[in-house]
Amino acid sequence: IMIRQKLRADGTSPNQVSPENAYEAAISAQQRLIDRGKKGRIVVRDEERPWETTRQGRLRYFLHPDMYPDTALQEWRVFSQEIRTKSGKHRHQGGVAIYILDGQGYTIADGKRYDWKKGDLLTLPVKPGGVEHQHFNTNPDGPSRWMAFVYLPFANHVALHLEQMEVSPLY
């Protein structure tokens with residue numbers, strides 16, 4: 001089947017959103033990524049990113065391509081979570097690494113308990129249907145904190161989705 005589209009007198013489509021053709025738009029987008037890599041921020045300071053109370057708990061995003069386009073890396077989502085008692089419970093595809101910055105606690109992942117403490121690395125597996133999980137603080141001295149690392153090209157490849165099962169008590 002051949003589809004013919006009526007073009008303007010100058011040869012462009014009336015549906016075109018910019019004066020560039022698709023090839024030039026792709027080149028321009030790639031150049032913006034290259035420029036961001038060359039000129040973007042290298043150091044992101046803790047105090048420069050706000051804490052947010054979300055359905056999942058208290059989070060601070062350091063890298064997020066939609067929220068912070070000022071950094072050299074653009075294909076990562078990196079955030080910290082402070083767990084006072086417990087996080088929300090949710091399910092998503094794995095492929096996420098969580099480094100424990102402070103405290104101790106455990107994670108229930110697909111019904112099984114995994115204990116962790118400062119300096120440990122928690123990894124969520126990639127598996128059909130994703131991983132249902134929730135994090136709990138057992139630190140007697142205050143909240144536990146960890147940092148999560150999500151490489152977005154991989155997350156997109158495995159169709160990362162998020163389904164909230166239970167909200168954090170902080171929300």
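## Rings, charges and a buried glutamine

The side chain of glutamine 81 comes within 2.8 Å of the backbone oxygen of glutamine 56. This is a predicted model, so here is a friendly walk through some of its contacts.

Reader: Thanks! Is glutamine 81 buried or exposed, and what is its relative accessible area?

Author: Glutamine 81 belongs to strand β3, and its contacts beyond four places in sequence include Trp51, Leu59, His135 and Trp146. The cut-off for buried is under 20% relative accessible area. Glutamine 81 is buried, because its relative accessible area is 1%.

Reader: Which residues touch the most other members of the largest nonpolar core?

Author: That core has 18 residues. The residues touching the most other members are Phe79, Val96, Ile98, Trp146 and Ala148.

Reader: Nice. Which residues form one aromatic cluster?

Author: Two of its members have come up already: Phe79 and Trp146 are on the list of core residues that touch the most other members. Trp146 is also in contact with isoleucine 98. The cluster consists of Tyr61, Phe79 and Trp146.

Reader: What is the angle between the planes of tyrosine 106 and phenylalanine 136?

Author: A pair of aromatic rings is described by the distance of the centres and the angle of the planes. Both tyrosine 106 and phenylalanine 136 are buried, and their centres are 4.8 Å apart. Planes under 30 degrees apart count as stacked. This pair is stacked, with an angle of 10°.

Reader: How many residues apart in sequence are the parts that this pair ties together?

Author: Tyrosine 106 sits in strand β6 (residues 104–109). Phenylalanine 136 sits in strand β9 (residues 131–137), so the parts tied together are apart in sequence by 30 residues.

Reader: Which residue has its charged end over the ring of tyrosine 106?

Author: The charged end in question lies 3.7 Å from the centre of the ring.

Note on methods. Residues numbered from 1 in each chain as written. Predicted model: local features only at pLDDT ≥ 70, side-chain atom pairs only at ≥ 80, totals over all residues. Heavy atoms only, no water. Core = buried A, V, L, I, M, F, W, Y, C linked by side-chain atoms within 4.5 Å. Buried < 20%, exposed > 50% of the residue type's maximum accessible area, 1.4 Å probe, protein only. Contact = heavy atoms within 4.5 Å. Phe/Tyr/Trp six-rings, centres within 6.5 Å; stacked < 30°, edge-to-face > 60°. Helix = DSSP H or I, 4+ residues; strand = E, 2+ residues; numbered from the N terminus. Lys NZ or Arg CZ within 6 Å of the ring centre and 35° of its normal. Polar contact = N/O pair within 3.5 Å; in protein donor to acceptor, adjacent residues only side chain to side chain.
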